[in-house]
Amino acid sequence: MLDQIRDLYQEVVFDHNRNPRNFRVMADANRTIEGFNPLCGDRITLYAKVIHGIIEDVSFQGAGCAISTASASLMTEIVKGQTEAEAEKLFETFHRMTTGKNGDDINLEEIGKLAVLSGVRAYPARVKCATLAWHSLQAALKNEGHSISTE
Amino acid sequence: MHPQKTTLDLDAIRQQFPILAERINGHPLVYLDNAASTQKPLCVIDRISEVYRVDYANVHRGVHTLSQRSTDLFEEARETVRRFINARSTHEVIFVRGTTEAINLVAQTYGRSKLKAGDEILISAMEHHSNIVPWQMLAKETGVILKVAPICREGTLLMEDFEALLSEKTRLVSITQMSNALGTINPIKDIIRLAHARSIPVMVDGAQSAPHLPIDVTDLDCDFFAFSGHKLYGPSGIGVLYGKESLLQAMPPYQGGGDMIRRVTFEETEFNELPYKFEAGTPNIADTIALGTAIDFVEAIGMTAIADYEEQLLAYATSKALEIEGLRIIGRAPQKGAILSFTLDGIHPHDIGTLLDQLGIAIRAGHHCAMPVMDFFGLPATARASFALYNTFDEVDTLMDGIRQVIKLFK
């Protein structure tokens with residue numbers, strides 16, 4: 001009966017929700033940010049170690065829904081080792097994919113596994129779950145204050 | 001097996017609500033988000049359009065026939081509200097946008113004129129944000145101190161602590177009669193008695209209680225009572241503040257403008273009598289009239305019959321929910337309205353909400369505008385099924401079946 005929602009809740013999402021990657025406190029992080037989604041009360045702490053413009057390490061902590069946890073987990077996997085500019089560009093692409101705006105020219109190769117979250121565009125109420133980690137990363141890279149909100 | 005004793009004619013009632021025939025995501029709608037807002041019966045829907053088609057003009061102004069007609073209908077609605085809550089006089093019934101505006105009105109008029117730095121306002125730990133934030137804003141402005149009476153793990157107000165917090169500095173108690181996040185029904189008469197013994201007035205947030213319990217403000221002896229039309233099968237954008245006449249008389253106006261004045265010169269304004277002193281500007285005419293229709297609708301069924309039926313629904317839903325492994329009910333007060341707040345082990349409420357929606361089941365997932373309640377239970381959010389007079393035992397079964405499917409998907 002719930003099969004039709006498999007476009008959003010794919011096996012990869014369940015996998016990353018059950019066993020989130022890079023789910024740890026980073027003692028030697030040089031960027032830390034608190035992300036908050038006031039709509040659902042979800043919080044995420046994002047840690048990054050950025051050296052000479054390269055994201056050497058990234059991790060997160062927090063409690064969220066399956067979509068936000070899987071999105072954060074997938075994000076940490078893919079941006080690790082990227083330059084700040086590459087991560088910024090990837091977020092822009094990811095944002096277009098999840099909001100469905102100008103999403104026709106998405107480079108599937110570029111976003112790789114993140115494509116499993118493309119289904120969220122059919123669920124506008126959940127887009128912020130998928131983008132919370134990315135907004136947090138963006139703020140961490142810009143080193144803006146200590147907390148951000150999706151609102 | 002469903003309980004046999006059903007006091008309401010559910011088929012006839014459900015036929016009155018056209019939206020209940022909708023299909024959502026290929027399934028019949030099971031609407032269980034009634035604590036957020038209720039659906040509207042045909043009589044209310046039709047009344048709004050009828051007002052605009054045949055009865056509409058501005059109120060309290062013109063000498064022409066339509067203006068008189070709409071004024072009469074508007075004031076009839078006020079009398080209907082007075083009867084519904086058993087106020088002594090229609091002077092005590094003020095139309096506002098909803099419960100939120102009613103509480104803000106009291107904070108900004110009674111609060112600002114009667115309370116000073118160091119005075120205390122007592123609320124409870126189970127309040128909706130609308131009964132916290134207006135008082136915090138007042139506190140910031142005036143130096144008034146906000147005190148919070150604690151609750152226990154089952155979600156019941158700790159009455160001894162509440163009484164202990166009533167100090168010689170307490171100038172107002174503002175408390176919910178029924179918690180929107182937990183369902184808890186507070187012993188409001190005891191609360192009022194304890195406060196009045198110390199000459200402290202009490203404001204009651206009736207947003208959740210007015211649609212589900214018989215309300216008698218004279219018997220309660222509360223000083224202020226607020227509720228919203230949209231949770232009572234009426235339109236959104238219309239609500240009621242009841243206040244004791246002596247208190248309202250002594251309060252300054254809320255907003256200035258037309259309708260709330262008797263005489264205006266550039267030097268001075270003489271304010272209008274109650275209740276118009278608090279109703280500046282052209283009111284929400286059609287929705288006010290339709291609120292009267294909604295009240296007639298629930299009164300024809302009977303508030304006691306509604307309360308009895310919803311109690312059966314809650315008892316059935318609670319017993320079925322407890323059979324589900326990994327389900328935890330948040331809010332187990334002995335006195336509860338038909339609200340089932342719950343969590344599932346390892347599954348976030350937002351995921352529950354999205355998945356149940358795929359089965360046509362509308363619930364609320366989130367903090368329910370009661371973040372301090374969530375913090376108390378150490379939860380970011382809960383899932384909440386809230387029932388109304390048109391919900392059925394079959395729908396409870398559909399919900400429980402849906403929850404089992406969600407659990408299976410996450411296994």
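**Domains, cores and a loop residue in chain B**

The C-alpha centres of domain 1 and domain 2 of chain B lie 28 Å apart in this predicted model. The domain assignment places residues 10-31 and 302-410 in domain 1, and residues 45-300 in domain 2. Where the two domains of chain B meet, each contributes 21 residues to the contact. On the domain 1 side, the elements that give two or more residues are α11 (303-322), β14 (339-344) and α13 (371-377) of chain B. The largest share of that side, five residues, is supplied by α11(B). By class, the domain 1 side consists of twelve nonpolar, six polar and three charged residues.

The largest nonpolar core has 118 residues, and those that touch the most other members are V202(B), F224(B), A226(B), V240(B), L241(B), Y242(B) and A294(B). Helix α10 (residues 285-301) of chain B provides the largest share of this core, nine residues. The core lies between domain 1 and domain 2 of chain B, because both domains give residues to it. In soluble globular proteins, nonpolar side chains tend to be buried together. Leaving out residues up to four places away in sequence, F224(B) touches V106(B), M203(B), V204(B), L241(B), Y242(B) and G243(B). A second, separate core contains 36 residues, among them V13(A), A70(A), A87(A) and A130(A).

Chains A and B also touch each other. The contact involves 17 residues of chain A and 16 residues of chain B. On the chain A side, twelve of these residues are nonpolar, three are polar and two are charged.

Two further parts of chain B were examined for burial. Helix α12 (residues 349-358) of chain B is mostly covered, with nine of its ten residues buried. The buried residues of α12(B) are P349(B), H350(B), D351(B), I352(B), G353(B), T354(B), L355(B), L356(B) and Q358(B). After α12(B) comes G360(B), which has a positive phi near 85 degrees.

I19(B) is found in the loop between α1 (10-15) and β1 (23-24) of chain B. I19(B) is exposed, because 12 other C-beta atoms lie within 10 Å and a residue with 12 or fewer counts as exposed. Apart from neighbours within four places in sequence, I19(B) is in contact with L29(B) and Q39(B). The C-alpha atoms of I19(B) and L42(B) are separated by 9.6 Å, and the two residues are 23 residues apart along the chain.

How values were computed:
Residues are numbered from 1 along each chain as its sequence is written. Chains are lettered from A and ligands numbered from 1 in the order in which they are written. This is a predicted model: local features need pLDDT of at least 70, side-chain atom pairs count only at pLDDT 80 or more; totals for chains, interfaces and linings use all residues. Helices (H or I, at least four residues) and strands (E, at least two) are DSSP runs, numbered from the N terminus. A residue is buried if 20 or more other C-beta atoms lie within 10 Å of its own, exposed if 12 or fewer, and partly exposed in between; C-beta atoms are placed from the backbone. Two residues are in contact if their C-beta atoms, placed from the backbone, lie within 7 Å. A nonpolar core is a set of buried Ala, Val, Leu, Ile, Met, Phe, Trp, Tyr and Cys residues joined through C-beta atoms within 7 Å. Domain bounds come from an automatic or database domain assignment. Ala, Val, Leu, Ile, Met, Phe, Trp, Tyr, Cys and Pro count as nonpolar, Asp, Glu, Lys and Arg as charged, and the others, Gly among them, as polar.
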